[in-house]
There are 2 protein chains.
Amino acid sequence: MTTLLEHAEALDAADPLRHFRSEFALREGLVYLDGNSLGALPHATRTRIAETVATEWGEGLITSWLGADWVNAPRRIGDKIGKLIGARPGEVIACDSTSINIFKALTAAISLQPDRSVILSETGNFPTDLYMMQGVTAFSGGRIQAVTAAAEEVLDRLDTNVAALLLTQVHYKSGLVRDMAAVTARAHRHGVPVIWDLSHSVGAIPVDLTAANADFAIGCGYKFLNGGPGAPAFLHVAGRHQKAVPALSGWFGHNRPFDFDDDYVPADGIERFLCGTPQVLGLAALETGVDLIARADMQALRRKSQKLADLFIAAMAERCADLGFALVSPRDPGLRGSHVSYAHPQGYAMMQALKARDVIGDFRAPDVMRFGLTPLYLRYVDIVTAVETLADIARSGAWDTPEYRVRAAVT
Amino acid sequence: MTTLLEHAEALDAADPLRHFRSEFALREGLVYLDGNSLGALPHATRTRIAETVATEWGEGLITSWLGADWVNAPRRIGDKIGKLIGARPGEVIACDSTSINIFKALTAAISLQPDRSVILSETGNFPTDLYMMQGVTAFSGGRIQAVTAAAEEVLDRLDTNVAALLLTQVHYKSGLVRDMAAVTARAHRHGVPVIWDLSHSVGAIPVDLTAANADFAIGCGYKFLNGGPGAPAFLHVAGRHQKAVPALSGWFGHNRPFDFDDDYVPADGIERFLCGTPQVLGLAALETGVDLIARADMQALRRKSQKLADLFIAAMAERCADLGFALVSPRDPGLRGSHVSYAHPQGYAMMQALKARDVIGDFRAPDVMRFGLTPLYLRYVDIVTAVETLADIARSGAWDTPEYRVRAAVT
């Protein structure tokens with residue numbers, strides 16, 4: 001009978017993406033299942049950042065805005081990200097943080113239909129999505145209401161008073177995938193534009209914004225794109241909505257920023273959704289990560305991601321049955337993003353014990369252990385190691401120490 | 001008789017800050033008079049960034065949020081910047097862009113006195129300050145009006161309907177310095193909080209926010225702080241105003257972001273003015289620049305800056321009289337920041353010709369040639385070289401080529 005490990009080794013040997021692992025700095029012995037929180041470092045990024053700092057900044061100084069094309073980096077990288085998510089050229093821009101881009105998308109959507117007064121989302125959405133909505137509401141002085149409803153009911157709340165529906169495609173806890181095309185079509189029947197949070201989608205699952213007739217999307221650069229800690233985020237605005245006005249009207253969104261006029265005249269295209277001066281170092285790291293994942297076939301990534309998760313779930317069933325772990329993620333691979341989550345009453349302490357043994361996942365309150373499955377650099381044998389280690393920790397009670405039971409501020 | 005050059009050499013020999021120049025990457029022959037647009041690269045930044053990328057990100061991965069203290073970087077660096085501008089600990093945070101921080105300060109000020117409906121600034125202020133005000137107005141649906149008045153009249157427009165006065169301390173074109181304490185006191189008589197844009201002040205002139213009883217301030221990390229292209233900016237909020245609510249309520253401003261609650265509960269202190277995930281690479285570069293300038297005595301920096309400008313003006317009078325240059329900056333060193341500007345009808349072409357001869361300043365429409373005088377790394381002899389080169393270009397007509405006369409998009 002084939003063991004789990006032998007099975008995993010066979011899958012690794014046949015993995016068409018296996019050569020990508022050597023592109024990343026991952027030390028021997030580490031099982032990194034948190035690439036959906038912070039992606040690993042591509043070796044190429046070290047070189048690129050050193051070059052950006054020493055040559056472009058150090059030698060080129062101010063002339064590098066044109067000489068090293070810093071000025072076009074948000075658009076150039078935006079277009080590269082756009083290819084990964086089925087956007088058209090000129091529909092995506094890389095800049096600011098995900099939170100800031102949510103604010104831009106919300107206020108832009110409101111500007112398109114100023115008579116509508118509701119922005120809608122689901123309870124349990126990623127917190128910053130909800131918080132940014134609440135900020136819009138507070139600043140509007142009550143003109144705009146932020147409404148949330150349970151995931152299974154939120155689409156029933158669509159009506160002609162909704163200015164924007166803000167949903168995450170792959171849920172950050174469960175990994176559940178929403179059907180982008182179907183939800184968008186349903187929202188459009190009420191004239192509601194949808195803002196898709198693609199933070200756990202981009203680089204993780206195939207996305208086709210154009211096919212879905214999507215309106216707006218935002219997402220994160222530091223997860224599956226491997227853009228580095230606090231990498232610039234991105235914002236997608238469908239061409240037909242690019243006359244919308246984001247409330248964050250900074251000088252880089254101006255039609256002619258270097259005329260230094262007193263009056264804001266927004267740029268015609270996606271550049272109007274820029275705000276302040278672009279963060280050049282962060283963009284350089286992001287571009288390197290995007291260039292790397294762009295070399296992989298997205299369908300192959302998806303297939304491997306699903307097989308990694310299937311193996312994880314099968315191994316958990318074989319090794320950790322009756323140890324109190326409850327699968328939170330969908331069992332159907334078609335409904336699941338690129339992470340698997342399990343609830344466990346001692347999830348926090350277990351995750352600490354795993355980290356102490358060099359298996360890194362993360363914990364999401366109140367009881368969710370989350371394992372990110374990044375097909376670009378994970379091996380099937382890593383999955384087996386992770387589950388075997390977790391089984392050992394759970395059986396031996398190694399998680400039950402005062403140190404591991406204390407909740408840290410950041411996990 | 002002493003020549004200009006001999007005079008400059010004597011000043012350099014006696015310069016107590018002269019040892020700082022070797023801390024920067026500045027190639028031989030370059031005269032860099034644009035440090036007020038993009039500061040030069042400190043050698044230490046190369047090392048620090050390489051370490052942040054390879055060790056903190058590459059090896060520490062997600063654990064570096066705590067292990068390398070990324071999570072506290074905005075506050076830690078904010079406090080370091082705070083020392084340069086006379087703020088109290090816990091009043092400054094390093095994050096986002098200057099434009100975004102202007103929006104936070106404006107909306108926070110409005111939240112303190114929601115019955116007031118005007119935000120006030122001066123015509124000819126730095127464009128992004130005005131543009132962000134216009135964005136607030138547009139999004140408010142007319143509830144908030146953005147009013148501008150000429151510099152000499154703006155203080156006459158203060159009244160009890162003004163929610164915030166947004167002014168720049170050192171004007172980006174002329175270098176004229178506003179009296180922060182006097183303006184703040186006058187605004188306070190109408191109950192108006194002032195938002196000071198310190199982009200051309202921080203690291204350039206002594207600032208004492210506490211002595212001025214300042215309310216809010218924002219500023220730039222990539223000019224005199226040498227934080228790198230597109231470096232994170234900073235935001236100061238006086239302790240007494242920290243219950244204000246910025247409209248940009250992202251998860252890093254939450255009281256307990258890692259509880260992942262649906263409801264936004266702002267942090268108690270300056271952290272509530274964070275928004276999205278901090279940009280770690282940019283913050284690392286910024287911190288290195290801040291640490292470097294913090295080693296210099298601010299009074300000594302100010303004295304040298306004034307003497308560099310005095311020399312520039314004297315040399316221009318000696319070499320470039322009757323060549324059509326008109327001093328835009330105040331002649332009184334006490335009223336002048338750390339750059340000098342001259343208007344010239346052919347200013348754009350002249351600046352291109354200067355750059356071709358390795359003297360780098362910048363041009364601000366319609367006709368201003370701007371020369372940044374960064375006392376941390378400039379020598380007095382550089383000033384003489386710059387003026388001699390400009391005199392030669394103006395006299396020889398070397399500026400008068402089709403190539404130099406074309407306005408580029410970015411200058």
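The chat below goes through a predicted model with chains A and B.

Q: How does chain B lie on chain A, what RMSD and what turn?
A: Chain B can be superposed on chain A with an RMSD of 0.0 Å, using a turn of 180° and a shift of 0.0 Å along the axis. The two copies are thus related as by a two-fold rotation axis.

Q: And what share of the contact residues of chain B recur in chain A?
A: 100% of them, so the same surface serves both copies.

Q: How many residues does the contact take from each chain?
A: It takes 76 residues from chain B and 76 residues from chain A.

Q: Which elements of chain B give two or more residues to that side?
A: On the side of chain B that touches chain A, they are helices H2 (43–57), H3 (64–67), H5 (98–112), H6 (127–140) and H8 (280–294), plus strand E14 (362–364), each of chain B.

Q: Which one gives the most?
A: H6(B), with nine residues on the side of chain B that touches chain A.

Q: What's the split into nonpolar, polar and charged there?
A: The side of chain B that touches chain A has 42 nonpolar, 24 polar and ten charged residues.

Q: Switching to chain A by itself. How many helices and strands?
A: Chain A has twelve helices and 15 strands.

Q: What radius of gyration does chain A have, against a compact globule?
A: Chain A has 22 Å, which agrees with the value near 22 Å for a compact globule with 411 residues. Along the principal axes, the C-alpha atoms of chain A fill a box of roughly 70 × 55 × 40 Å.

Q: What percentage of chain A counts as buried?
A: 58% of the 411 residues of chain A.

Q: Of contacts in chain A between residues at least 6 apart in sequence, how many join residues at least 24 apart?
A: 73% of those contacts in chain A do.

Q: What about H5 in chain A, what does it reach from first C-alpha to last?
A: Helix H5 (residues 98–112) of chain A has 15 residues and reaches 21 Å, close to the 21 Å expected at 1.5 Å a residue.

Q: Why is H5(A) called largely enclosed?
A: Because 13 of the 15 residues of H5(A) are buried, it is largely enclosed by the rest of the structure.

Q: Back to chain B. In which sense do E7 and E8 pair?
A: Strand E7 (residues 162–168) of chain B and E8(B) pair in the parallel sense, over four bridges. B:Leu166 stands opposite B:Ile195 in E8(B).

Q: Which way do the residues of E8(B) point, and are they buried or exposed?
A: From strand E8 (residues 194–197) of chain B, B:Val194 and B:Trp196 point one way, while B:Ile195 and B:Asp197 point the other way. All are buried, B:Asp197 included.

Terms used. Residues are numbered from 1 along each chain as its sequence is written. Chains are lettered from A and ligands numbered from 1 in the order in which they are written. This is a predicted model: local features need pLDDT of at least 70, side-chain atom pairs count only at pLDDT 80 or more; totals for chains, interfaces and linings use all residues. Copies are superposed by least squares on the C-alpha atoms of residues with pLDDT of at least 70 in both. Two residues are in contact if their C-beta atoms, placed from the backbone, lie within 7 Å. Ala, Val, Leu, Ile, Met, Phe, Trp, Tyr, Cys and Pro count as nonpolar, Asp, Glu, Lys and Arg as charged, and the others, Gly among them, as polar. The radius of gyration is taken over C-alpha atoms; the globule rule is 2.2 Å times the number of residues to the power 0.38. A residue is buried if 20 or more other C-beta atoms lie within 10 Å of its own, exposed if 12 or fewer, and partly exposed in between; C-beta atoms are placed from the backbone. The expected span of a helix is 1.5 Å times one less than its number of residues. Two strands pair if DSSP finds at least two bridges between them.
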